[in-house]
Amino acid sequence: MAQLSQMASGRSTLAESLRELYQFSVVDYCMFGAMLMLSAACGIYFGFFKRNKGGDSETPESSSSDDESAHRTVTVASGSKRTKTTFGSSTMDEYLLGSRKLKAFPVAMSLVAGYISGVTILGTPAEIYNFGTQYWLIVIPILLMGVAVCTVYLPVFCSLKLNSSYEYLELRFSSSVRSIASVMFVIDELLFLPMIIYVPALAFNQVTGFNLYVIGAIVCVVCIFYTLLGGIKAVVFTDAWQVVVMFISVVVVVIIGTIAIGGPDVIWDRSVEGGRIDFFNFNPSMYERQTFWAVLIGGFFYWTSFNSVNQTMVQRYMSLPNLKKAKLSIAMFTVGMGVFVSVCCYAGLLLYGKYFECDPTSVGLVTTDDQLFPHYVMESVGKLKGIPGLFIAGVFGAALSSLSVVLNSTSAVLLEDILKGLFRVNPSPFVANVFVRGSVVVLGLAAMGCLFIIEKLGGILSVATSLSAIAAGTTCGIFTLGMLVPWSNTKGALFGGVSGALLSGWVSLGSQFAGAAGEIVPHKLPVSIDGCIEDLVTNVTMVNPVYPDESGVFPLYRLSYHWITPIGVTTVLIVGTIVSFLTGPRDLRHIDPELISPVIHRFLPQESFGNFGTASKNCGAVAPVIFCEEMQPHTNIASSSGTPYGTAVERNGQVTKSR
């Protein structure tokens, strides 16, 4: 035992000596520090210098009359106009939604930056390195997701112009459904927050030796600072330049690494030899981690679930002035994500091309898979001053952007859905301001406190996907039930939502516990240490790994993490539809078409189109008789009076306008 301990100590000392050769230089620290200072500066700029003037005292009359993003105009029976101001300038509407005046490109970059956390930058290359290129096909579901979001979900949200996506559930079903979904969202984000911080802290620890908790605290403080001051404007515009830093950092490392190794041909040949190239694994087994069917089907459900109805995404869709700009933003986001994920997947092949004869994990140079890419950066380009700093700045930029988005959107849900929706408290603008900003601080501090939990988990990519899949799949199922199954009712949504959450949670958490107990071990592709230097491989013998017999493990726990989201969504739809029929389906003649996706409008009865807008809480006593721009292409059905829907109607000398 003492001899084994001495051997391990010797390898550890050598590993530490190798790391010391590639430590951060002054230039690297300056680049990293500049990223933090620029992020903080964005909060100061949008919090003090770029905010709208006027304050809470501004009256509706003093605002621009054509600012549809800040006001909603409704025609009432008397013919007069009642203008509702959400909050006015320098208030919650500006803080949470940017007064719905943001531009498509920065919002698209914010969507990319918000989705790409350190999980993507560090987890994706490690996934390709360990399991091959099958995961690379995720690019196809990403593109299909963009089409689905733009055609099915986005028109409904843009038509209603809600502050929180979960308000839709109260309009379509009931307040109880809204409360369940919003509470699930908050719990999901609380679980994901510490993971966002842990990944870059791990990378920084790998290249500098700094204490992981100190690094996490610095990230949290900076992010809380600029999110607290600048709101969504600071979040969006900080994300926009951070995503540029992220992309440049990864691309520079990949290009330099490719040149150093001898070109893409060398990487490809080594990857083929090592069995990493596999795009068409048609194995029908749902137990295998990466297959063609798991990536395409599971990937589509996961990406669509997250990007269609999740508040972190919908809040930024709603910060745009209209549906056209929102679709443009999603198109740019979809293309950007496809390109970035592809670069990260190629980086995984680059890692294997570098370490195909000397696996760093096997010889103790790294302790977790998620340290592979940072280790490669320091070993391959560590001597080029500034490049490691640029890479770590990119990883931290990804963390800051994801963290700020979660803080901003979760605080919005806490205000709109929990405080106002669940507890029926209608706070004054000042109290709402204090509540939202206080929520940002509390959430950030809670994320810091949960770091020690994440440190015990391995395989960041699958863990992140599994945890998010519980809430994402269930909530997307409820929204899909409401938008695509018009006869569904409140009982169907409740039973379906609970069933979906229980089943997907059972599968996800059960597989995590089984993995932690060693009953399930991912079957990694083989690695080699034949090319390692002698001091590293002394007394290290590579043997084929012995995997446990999983036949005795409960079948649901053995499923690939890709199938968790499809299970949640389909369970909600099936149970919700059946329960709705058994308890009395909605009468489609009385349903509000504004709450139903435009792709279903052709199947609705003609009488229903006279109810457009009746469900919206902002419509007053009399509903508008025309469809808004978002629903216009699907309104070629004549009303009962013979007037085609979509035609402006004059009442009491005024033309009725939609919101």
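**Exercise 1.** In this predicted model, find which residues phenylalanine 373 is in contact with, leaving aside its neighbours within four places in sequence. Then place phenylalanine 373 in a nonpolar core.

*Solution.* Start with the contacts. Phenylalanine 373 meets Ile121, Leu122 and Pro125. Its list also holds Val253, Ala347, Leu351 and Phe391. Next, the core. The largest nonpolar core has 156 residues. Phe373, Ile121 and Tyr168 are the members that touch the most others there.

**Exercise 2.** Describe helix H15: what are its span, its kink and its cover?

*Solution.* Take the span first. H15 runs over residues 387–422, 36 residues in total. From first C-alpha to last, H15 reaches 49 Å. Now the kink. H15 bends by about 30°, centred on leucine 414. Then the cover. Of the 36 residues in H15, 35 are buried, so the helix is mostly covered. Last, step past the end. Just after H15, arginine 424 has a positive phi of about 55°.

**Exercise 3.** Locate serine 597. Why does serine 597 count as buried?

*Solution.* Serine 597 sits in the loop between helix H21 (564–583) and strand S3 (650–651). Its relative accessibility is 0%. Buried means under 20%. Therefore serine 597 counts as buried. Now list what serine 597 touches, not counting residues up to four places away in sequence: Thr151, Val152, Val156, Met483 and Leu484.

Conventions: Residues numbered from 1 in each chain as written. Predicted model: local features only at pLDDT ≥ 70, side-chain atom pairs only at ≥ 80, totals over all residues. Heavy atoms only, no water. Helix = DSSP H or I, 4+ residues; strand = E, 2+ residues; numbered from the N terminus. Expected span 1.5 Å × (residues − 1). Bend = angle between axes of the 7 residues up to and from the residue. Buried < 20%, exposed > 50% of the residue type's maximum accessible area, 1.4 Å probe, protein only. Core = buried A, V, L, I, M, F, W, Y, C linked by side-chain atoms within 4.5 Å. Contact = heavy atoms within 4.5 Å.
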